[in-house]
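Take a walk through this fold, one contact at a time. Keep the viewer open as you read.

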Amino acid sequence: MHILSEWFLYSSKVILQRDVPSEKLAGTSILVRIITAVCRIKGERRFLPVLFYDVLRHYQDAKTCLVLCEAVASIWPAIVASYHDEALHGSSIVSPPRRILISAFQAILATFQESVKDENLEYGYKTFVKKCRWPTLENAPFANEVTEELMGLVIAPEFKQSLESDPGLMFNLQKALELLLVQTYDWIDVYNEFLKPHLLKMMMDKDLARFAIPLVANVALGHQATAAKTVASSSAGSPLTAYELICQVLEQILASNAEVEHQCVSARALIVLANRDKTKLQKTTSWYQGLDKDRVPEDVAAVLEELV
């Protein structure tokens, strides 16, 4: 692996391995600035959007997210700029799929800035306004408005066609909605407003499953502490937590006549949700044993071979 890639991966693990105590936040911010500066000097754009996203996905503390994300933006604004121009960034308008993810970044960080407004952060959100051409805090998009707008795209009749015609759309929508649903909604609202009316049905659709299943699994992981709340009943009448309900839907797909590709997406999500715990993957391993192994993606097969 390229030396820069190895160094970036190691540094990212250091940054993301645990919650950052307030007394160490300044030091962690310096590390982020060093990473960003090196990437900018080398012209390496791939790593920093990932780090920016991972910080927002990994940490629940508003101040930590603001300080570490601001460290990226202050050194290389183009990474999360709303628009590019030749003088500042050297390219044209940001592509629509990428703008989807940036709108989520804006809404979440604006929400965080409001939550810590009494702490008098020296920079915070205003760095993004000044350097990245984000809207001012007063004009920043509300998280619920962005979420509803993105879900409007997802439930539109033409969404299936859009996924086929725009490869970047699915990734950016998945990641934007994942951040918004984890960071700005509690689990019961996620279930009642998005899972129950829309996403659970999409998980059963062979064309939409590749979008909905990874999204739902990752959101459930992000709400592990509250996903244990009862939200439904099983066929026998016993209470089901949201986590159990999602796993039940995924296991139903494995037991159905769904296409193998659809089933493999479900198996991959079950592996993630179970954290490779063999006791939670008995139905998944049974499904795998009865399948032609050549039809299973390598990443799924590699894990299940260890568990069988």
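Thr64 sits in helix 4, which spans residues 62-75. Is Thr64 buried or exposed? Its relative accessibility is 3%, so Thr64 counts as buried. The cut-off for that label is under 20%. Leaving out residues up to four places away in sequence, Thr64 touches Val20, Leu25 and Tyr59.

Now step back to the whole chain. This is a predicted model. The protein has 15 helices and two strands. It counts 308 residues, and 49% of them are buried. Consider next the contacts between residues at least 6 apart in sequence. Of these, 66% join residues at least 24 apart. Several pairs below show such links in detail.

Start with the aromatic rings. How many aromatic pairs does the structure hold? It holds eight. One of them joins Phe52 and Phe105. Their ring centres are 4.7 Å apart and their planes stand at 50 degrees, so this pair is tilted. The pair links distant parts of the chain. Phe52 belongs to helix 3 (residues 47-58), Phe105 to helix 5 (residues 96-115), and 53 residues separate them. Both Phe52 and Phe105 are buried.

Phe52 also pairs with Phe128. Here the centres are 6.1 Å apart and the planes stand at 90 degrees. The angle is over 60 degrees, so the pair of Phe52 and Phe128 is edge-to-face. Again distant parts of the chain are linked: Phe52 in helix 3 and Phe128 in helix 6 (residues 125-132) are 76 residues apart. Phe128 is buried, as is Phe52. Which residues form one aromatic cluster with these rings? The cluster consists of Phe52, Phe105, Tyr125, Phe128 and Trp134.

Charge comes next. Side chains of opposite charge can pair when their charged atoms come close. The count here comes to eleven salt bridges.

A second salt bridge joins Asp205 and Lys160, at 3.1 Å from N to O. It too links distant parts of the chain, 45 residues apart. Asp205 lies in the loop between helix 10 (187-203) and helix 11 (209-222), while Lys160 lies in helix 8 (residues 159-165). With a relative accessible area of 23%, Asp205 is partly exposed. Lys160 is partly exposed as well, at 34%. Both values fall between the 20% and 50% cut-offs. Lys160 and Asp205 also belong to a network of salt bridges that takes in Lys206 and Asp207.

Lys283 has 55% relative accessibility and so counts as exposed.

Stay with helix 14, residues 282-289. Which of its residues are buried? They are Thr284, Thr285, Trp287 and Tyr288. Why do they lie on the same side of helix 14? They cover an arc of only 155 degrees around the axis, and therefore share that side. An α-helix has 3.6 residues a turn, so residues three or four places apart point the same way. On the other side of helix 14, Gln282 and Lys283 are exposed. The buried residues of helix 14 pack against helix 12 (242-255), helix 13 (260-274) and helix 15 (298-307).

Helix 12 has another partner to examine. Its axis and that of helix 10 come within 12 Å and cross at roughly 5 degrees. That angle makes helix 10 roughly parallel to helix 12. From helix 10, the contact is made by Trp187, Tyr191, Leu195, Leu200 and Met203. From helix 12, Ala242, Leu245, Ile246, Val249, Leu250 and Ile253 take part.

How values were computed
Residues are numbered from 1 along each chain as its sequence is written. This is a predicted model: local features need pLDDT of at least 70, side-chain atom pairs count only at pLDDT 80 or more; totals for chains, interfaces and linings use all residues. Side-chain values use heavy atoms; hydrogens and water are left out. Buried means under 20% relative accessible area, exposed over 50%, partly exposed in between (1.4 Å probe, protein chains only). Helices (H or I, at least four residues) and strands (E, at least two) are DSSP runs, numbered from the N terminus. The arc is that of the directions from the helix axis to the C-beta atoms. Contact means heavy atoms within 4.5 Å. Rings of Phe, Tyr and Trp (its six-membered ring) pair if their centres lie within 6.5 Å; planes under 30 degrees apart count as stacked, over 60 as edge-to-face and the rest as tilted. A salt bridge is a side-chain nitrogen of Lys or Arg within 4 Å of a carboxyl oxygen of Asp or Glu. Axes are lines fitted to C-alpha atoms, for helices over the stretch in contact, and angles run from 0 to 180 degrees between N-to-C directions. Angles under 35 degrees count as roughly parallel, over 145 as roughly antiparallel, 65 to 115 as roughly perpendicular and the rest as oblique.
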